[in-house]
Amino acid sequence: MPITALEIRRALPASTTSAGPDSLTARFLRKVLMEILERILNIILWCEKAPAHLVESATTLILKKYNVHTPSDFRPITVSSVLLRTLHKVLATRMARLIHIDQRQRAFRPTDSCSENVFLLDLILRYHHRHHKPLFVASLDVAKAFDSVSHRTIEEILLTMGIPSPIRSYIMDVYQ
């Protein structure tokens, strides 16, 4: 289905968000006629490919701590075009309606999952302490898990989940 003005309005980034390498600001994007944005985003989907200059992103390294010794002492922050971010939010919203994600899944959700997880852990710890019940906690660091998933696997999962071919092609093109 073509992208609608309502979907775009809901997906537009805040006016204060950073511009991408194309220098397009969210403030400017909000001033563009909705009919024009609809046409642009729908043409990108119809082509199943984003223009190369929109796919380019700018990465800035932010210090994690003052005493820097290794590359892991930096947190990379990557910013892409606000137009592409808007399109991706529309697609993510659509896909979220198609795909059931278990409530225990915390990543890739539009919530402050860090604070929710801290609150949940605190609640569990207090309950077990109050009722003198044993508790076993395991922590798994999956920070690099996404990096290890092959593009072929992502494509197969999109196919298995019934994601339409044009969207699959677009997603795989952006990954390339």
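A: Begin with the elements: helices (H or I, at least four residues) and strands (E, at least two) are DSSP runs, numbered from the N terminus. This is a predicted model, in which local features need pLDDT of at least 70, side-chain atom pairs count only at pLDDT 80 or more, and totals for chains, interfaces and linings use all residues. Residues are numbered from 1 along each chain as its sequence is written, and side-chain values use heavy atoms, with hydrogens and water left out.

Q: Where is Glu48 found?
A: Glu48 lies in the loop between helix H3 (34-47) and helix H4 (52-55). Its phi is near 60 degrees, a positive value in a residue other than glycine.

Q: Is Glu48 buried, partly exposed or exposed?
A: Buried means under 20% relative accessible area, exposed over 50%, and partly exposed in between (1.4 Å probe, protein chains only). Glu48 has a relative accessible area of 27% and is partly exposed.

Q: What is the phi of Ser23, and where is its place?
A: Phi of Ser23 is near 65 degrees, again a positive value in a residue other than glycine. Ser23 sits in the loop between helix H1 (5-11) and helix H2 (26-29). With a relative accessible area of 56%, Ser23 is exposed.

Q: At what angle do H5 and H8 pack?
A: Axes are lines fitted to C-alpha atoms, for helices over the stretch in contact, and angles run from 0 to 180 degrees between N-to-C directions. Helix H5 (residues 82-98) and helix H8 (residues 165-175) pack at about 135 degrees, with their axes 13 Å apart.

Q: Which word describes how H5 and H8 lie to each other?
A: Angles under 35 degrees count as roughly parallel, over 145 as roughly antiparallel, 65 to 115 as roughly perpendicular and the rest as oblique. H5 and H8 are therefore oblique to each other.

Q: Which residues of H5 and H8 meet?
A: Contact means heavy atoms within 4.5 Å. From H5, Leu84, Leu87, His88, Leu91 and Met95 meet Ile167, Tyr170, Ile171 and Val174 in H8.

Q: What does the whole chain come to?
A: The chain has eight helices and two strands, in the pattern α-α-α-α-β-β-α-α-α-α along the sequence. Its C-alpha atoms fill a box of roughly 60 × 45 × 35 Å, taken along the principal axes. Buried residues make up 23% of the 176 residues.
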